[in-house]
Amino acid sequence: MAKTPSRLKPLPQKTASSSRLDHPLRWWIALPVLAALLAWPLVAPLIGAEFYVTLASRILIFALAATSLNLILGFGGLVSFGHAAFVGLGAYTVGALMQAGITAAWIAWPAAMLVAALAAAVIGAISLRTQGVYFIMITLAFAQMLYYTVVSLKTYGGDDGLSLPGRSTLGALDLSADTTFYYVVLALAVASFVFVARLVNARFGHALQGTRENATRMEAVGQPVLRIRLVAFTLAGALAGLAGALLANHGGFVSPSLLQWQQSGTLMIMVILGGVGHLWGGVVGAVVFLVAEEWLGHLTEHWVFFLGAVLLTVVLIAPNGVMSLARRRRLEP
Amino acid sequence: MDVILLAEQALNGLQFGLMLFLLAAGLTLVFGIMDMINLAHGSLYMVGAYLVASATAASGSFGIGLAAGVAGAALFGVLLELTVLRRLYERDHLAQVLGTFAILLMCNEGVRWLWGSQPVPLGAPAALAGPVELAPGFFYPAYRLLIIGVGLAVALLLWALVTRTRLGMQVRAGASNREMALAMGVPVRRLFTALFGLGAALCAVAGGLLGPLLAVQVGMGESILILAFVVIVIGGIGSIRGALVGALLVGVVDTAGRSLIPLLFERLMPADLASNAGPAVASILIYVLMAAVLYFKPKGLFPAHG
């Protein structure tokens, strides 16, 4: 044989097969990030950027939502196009309870997670029987059903949405102060992130990634594929519900637009942007997307156009998301 | 509840279904043959409607405006395919979602930039403004009849194109087995570009015709895009016949649901509950239809792939 054709060269990723299912949470990355996030509300006023504490809360909430989507999309290979529905359900649960006079966060937020998880369990049980494009479409269909249901709920504002009287109450903490709220969001986001990281590296996470790689083979070695997927789908729904509860508190407003399919698309784009199946994918995607939105919004009235251009550029030059650029550089010295 | 109401709703459903078919036909071919999720398909519909509105305003004639708008939209579709979309065919569905969503955002904002945020006026031709008496006592708007006529003509044309021409044969071959069609020497790149132009033209026909009924505005493409996806999933991805059946089904069910379900609910339950539940159930109906179809026929009614 003469020269080996270059396309037969083993791909770099494939060589590290032993660690492909492991996504360790490296402390030398995580701790500085955490320290920076903890210090942010103290630093921001010094540089005259108090507003950016609120923006940081928003980014953290979306990072949580995108990470929950990444659990099923990236690690489970389940392209769910209805994730915003679970975020919206969480938000509406908080709004509905508040309208009923229940403002305690320790009741409302777990309730939001529970409602979203229940909805995810039911929707997942039906949708997971389909595959590929049909799964994308059926999750979208269910999200649309919930969207139109919420639109017709006149008790909760219908089309116009529902203004909340204030934020939830949490013991002695005053959540109406933006800095306090930021730290509560940070604590919950970090806890959820660590939970997802532990989950992905646990037996369950490995099994979930196995179903992504080859569902038939997983079935053959005796893994309950459908149940694994359903559990992941439900957990992702619960985390999205928590993000929704926080989002409702953040804006003081819930509206059907939270459940719109464009919102599901935005979440998906955050994950794709950051890196599908990368531990930090959801976080990086949320940061890149929302910072780009904020920055372009200051520059021009037509920022959406340029946001689209940025996204298009990313698709064409960084096929596997922003995080893949770093990985590619490491692998190709 | 009388016969006239039912007949009117049936015609409305047919009219809406035919317009959905024009959108779904292009989408299902792109989806079926190129295996590409194109979220920007609704943008072609929007751009088409804007071009028709502008050309109509400039020429003063709806017919000339429609023709010019359709040609412009086809050109736009071809350019989009040549510059961006053909780089996405080989990529996975996620990259396609991201890429075409980006195009959707750019189209929306680009249109807002060029035409402003206000809806653009597009009136039906004056000759067709009034109603026509189809049967004694049954009046129906002439313009809606025109839409039904054009929709049927285009559907027939498309049917002839797909089943009676060489291009159509290649399209069908590509839809049922892409690799084999490639191996048999189907000029795939040119075929894809042509398909995209055709899909864009069909979108513009629908956009231009529906313009006088619905508003020509930014974001008009999104709601109808989801309906078009529902249609092709019900019909079976890649199948023109499925798209036609799915479109008529969705058109009739949606139209009938919106007018009949509130009436039905008013008789069955208290008024305040009915006024809440009626519109909700009517909006949800087609998604329930789609979920039910997928539950029993996971690949749609007329699967194109073996």
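Residues are numbered from 1 along each chain as its sequence is written, while chains are lettered from A and ligands numbered from 1 in the order in which they are written. Since the model is predicted, local features need pLDDT of at least 70 and side-chain atom pairs count only at pLDDT 80 or more, whereas totals for chains, interfaces and linings use all residues.

Q: What makes up chain A and chain B in terms of helices and strands?
A: Helices (H or I, at least four residues) and strands (E, at least two) are DSSP runs, numbered from the N terminus. Chain A has 14 helices and two strands, and chain B has eleven helices and two strands. Read from the N terminus, the elements of chain B follow the order α-α-α-α-β-β-α-α-α-α-α-α-α.

Q: How do you know whether chain A agrees with a compact globule?
A: The radius of gyration is taken over C-alpha atoms, and the globule rule is 2.2 Å times the number of residues to the power 0.38. For the 333 residues of chain A, a compact globule would have a radius near 20 Å, and chain A has 21 Å, which agrees. Along the principal axes, its C-alpha atoms fill a box of roughly 75 × 50 × 40 Å.

Q: Why is B:A183 called exposed?
A: A residue is buried if 20 or more other C-beta atoms lie within 10 Å of its own, exposed if 12 or fewer, and partly exposed in between, with C-beta atoms placed from the backbone. B:A183, which lies in helix α7 (residues 178–183) of chain B, has 9 other C-beta atoms within 10 Å, and therefore counts as exposed.

Q: What makes A:G210 partly exposed, and which residues does it touch?
A: A:G210, found in helix α8 of chain A, has 17 C-beta neighbours inside 10 Å and so counts as partly exposed. Two residues are in contact if their C-beta atoms, placed from the backbone, lie within 7 Å. Not counting residues up to four places away in sequence, A:G210 touches A:M218 and A:Q223. A:G210 and A:G76 are 134 residues apart in sequence and 8.2 Å apart in space, C-alpha to C-alpha.

Q: How do you know that the length of α8(B) fits a helix?
A: The expected span of a helix is 1.5 Å times one less than its number of residues. The 23 residues of helix α8 (residues 188–210) of chain B should therefore span 33 Å, and its end C-alpha atoms are 32 Å apart, which agrees.

Q: Is α8(B) enclosed or in the open, and what makes it so?
A: Of its 23 residues, 17 are buried, so α8(B) is largely enclosed by the rest of the structure.

Q: What makes α2(A) lie as it does, and where does it bend?
A: The number of buried residues among the 17 of α2(A) is zero, so this helix lies largely in the open. Helix α2 (residues 27–43) of chain A reaches 23 Å from its first C-alpha to its last, close to the 24 Å expected. The bend at a residue is the angle between axes fitted to the seven residues ending there and the seven starting there, and α2(A) bends by about 25° at A:L37, with a proline, A:P41, following within four residues.

Q: What makes up the side of chain A that touches chain B?
A: The contact takes 31 residues from chain A and 34 residues from chain B. On the side of chain A, α6 (133–152), α11 (261–274) and α13 (303–317) each give two or more residues, and α6(A) gives the most, with ten residues.
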